[in-house]
Amino acid sequence: MKGRPELYTSYAQDTAFLNTRPKRTWTGALLVVALLMPFAVTDDLLMLLATGFVAAIGAIGLNIVTGYAGQVSLGHAFFLAIGAYTGAALSGDPDGRVLGFGVTSLPVWLLASGLVAGLAGLIVAPLAVRLRGLYLAIVTLGLVFLGEHIFREWTSLTGGPGVGRPAAVPELFGVRLDRASALFTGPQQLYLLMFVLLVIFAVLARNLVRSRIGRAFAAVRDRDLAAAVIGVDLARYKALAFAVSSFYAGVAGSLLFVVNGFFDPGSFGLLLSVQYIAMVLIGGAGTISGAIMGALFITLLPRITRELPTVLPFISADATGAVTVFQVEAVLYGLLIVVFLIVEPRGLFGIWVRVRNYWRTWPFSY
Amino acid sequence: MTEFLQSLIRGLGSGSIYALLALGFVIIYKSTRVISFAQPAFMLAGAVLVSYLAAEVGFFVAVPVAAVLIAVLALGVERTVLRPMIGKPVFVVAIITIGVDVVVRVVTNAFIGLDVRQVGDPWGLSTVVLLGVEVQQRYLVMFGTTVAVVAVLFSFFRFSRVGLAMRAVAYDQEVALAQGISVGSVFALSWAIAGGLAALAGVFVATGAGVDQQLWVIALKALPAIILGGLDSLGGAVVGGLAVGVVESLVGTYQGDVAPWLGPNFALVAPYVLMLVVLLVRPYGLFGSKEVERL
């Protein structure tokens, strides 16, 4: 249909990957900007963005189980931890202080972390099939506490609390990506790596949720009994949602500390789970782009609050003053979640939709 | 045997803390169908308030005053933050209570500082010999007070008009509204009761140990308790709370000898294991009512 880009004549057209022309142009533009970023931005900001991209992979995973399939999981930190330790152990130094197998090839340990975490998700899934709503939320919360305990005690794997262990080694085709090469600095390479991985996993997720499986997830979310009546196998799809979500969490977990290079078992507490929930909710539940926006927003938030003392002199930059940056940050998390849920339940994605709709009919918008 | 009894009483003492917190969770859940994750913050705030008040007016005056003040605070939170959210999905409201929790806790932490604050309780760590077993007084006080509070609370729900109204709202909000019950004030009242209970629990946690910034973590143990007992059962909350306390204490006493491979701090996560096991057998907890599903 030439000249009428928004007239769909087939279902396939309507559910196409990028179904409108603005989506295609804007996605392309964003890709170009993101790829040019390493040459325009300082290295420390690149590292932050790289962490944000990894967080986005994890947030997409949580969004699949919570946003699309409607199964509230507070246990995301547990699956992130499994991924992180699988990746770190596989690629770790075999002669080191902690467990390591010396398989440094990135695709190998990346997939392995995802698969191990996915398997863990599959083991947990029977609980999700039996439980609903808040019962499920609290049980998954229990997983986080159990995981924290296991990783605290299993010192030969994790190095123990306060000590930690080196993160996975990002080596692709024999090249260490975290070290500077002839063309790029280490952060630039990591940024590009994480960006490429994010694009891959975002496309995969988008394709999953617009398929038959994604429609089944949505049916389970909206009313699981009704979904069962129209022939959706609840046990199967809930298990699938958990497995896919945990796979994403495992992948994200194994990459999460690559940028920093070091992590300890204290990193995988309740706070991490809440952060991911915040990413999904602030970004917009049930959208892939929302999850990415939310993850970048939450990752960049500490950076923004660190700048506050220069603007508001009564906030002190270290931990000594009456109102410190760290307190402001913690309060800001809570307030942001509350404000977003009350004012814009669809999150950043919802704001974007409103902006888009305003300009679409401009100057005749109302 | 002495070791067992001591461990049991210790468990019942800390279990009564969990029971008080769990009661707050369940009361809020029954009336509003929402789990309030703000309970830890109210607990912390209650303990901190007592630590300030006790120096001025004495411990026994400070505790009820603090409980009432925290109840008013909880009521205010419900009125301002939660009331506009009525009708929103329960999960959204639950997340909002996490937000409230973080805000209240950070503000409270500013009043704690880096040191441990004492609540000025008369018991401390002193012990008493009961039937030949040496037990700490504070555990007996906790258990005794909790039994009394539970008795008062249950008779309030059973015999008073307001209690009847609350039960009616828990049963069916629309029908209760049609009978002339102000559902809104029942919501507010249930938050207030839960806040008061949390404050009392906070004081108990702080007796003998003091108040520090990590105190709130204890409140999370009430979560396995409510799931264990069933989200909508008051009796289940008490039983679940006591069970969690006793299991935690017994595991802490014996696991080092029986199963050392589980790690030294396994007692802290034992309640969650108990919860998982019970849920696999009974998905709605021990006393929870099964959800009726309609299309």
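Beyond its neighbours within four places in sequence, B:Ile9 is in contact (heavy atoms within 4.5 Å) with B:Val135, B:Tyr139 and B:Leu140. This is a predicted model, in which local features need pLDDT of at least 70 and side-chain atom pairs count only at pLDDT 80 or more, while totals for chains, interfaces and linings use all residues. Residues are numbered from 1 along each chain as its sequence is written, chains are lettered from A in the order in which they are written, and side-chain values use heavy atoms, with hydrogens and water left out.

**B:Ile9**
- B:Ile9 lies in helix H1 (residues 2-32) of chain B; helices are DSSP runs of H or I with at least four residues, numbered from the N terminus.
- Between B:Ile9 and B:Val135, 126 residues apart along the chain, the C-alpha separation is 7.4 Å.

**Interface between chains A and B**
- Chain A brings 33 residues to the contact and chain B brings 43 residues.
- About 3600 Å² is buried between the two chains, and carbon and sulfur atoms give 80% of that area; buried area is the accessible area (1.4 Å probe) that two parts lose on being put together, summed over both.
- In chain A, the residues losing the most area to chain B are A:Leu134, A:Tyr135 and A:Ile138, together 21% of what that side buries.
- There are 0 salt bridges between chain A and chain B, a salt bridge being a side-chain nitrogen of Lys or Arg within 4 Å of a carboxyl oxygen of Asp or Glu.
- On the side of chain A that touches chain B, H6(A) gives the largest share, 10 residues.
- By class, that side of chain A has 24 nonpolar (Ala, Val, Leu, Ile, Met, Phe, Trp, Tyr, Cys and Pro), 4 polar and 5 charged (Asp, Glu, Lys and Arg) residues.

**Within chain A**
- H5(A) has 25 residues and should span 36 Å at 1.5 Å a residue, taken as 1.5 Å times one less than the number of residues; its end C-alpha atoms are 37 Å apart, which agrees.
- H5(A) has a kink of about 40° at A:Val124, shortly before the proline A:Pro126; the bend is the angle between axes fitted to the seven residues ending there and the seven starting there.
- A:Arg303 and A:Asp44 form a salt bridge, with their closest N and O atoms 3.5 Å apart.
- This pair links distant parts of the chain, 259 residues apart: A:Arg303 is in helix H13 (residues 288-306) and A:Asp44 in helix H3 (residues 43-68).

Technical notes
Helices (H or I, at least four residues) and strands (E, at least two) are DSSP runs, numbered from the N terminus.
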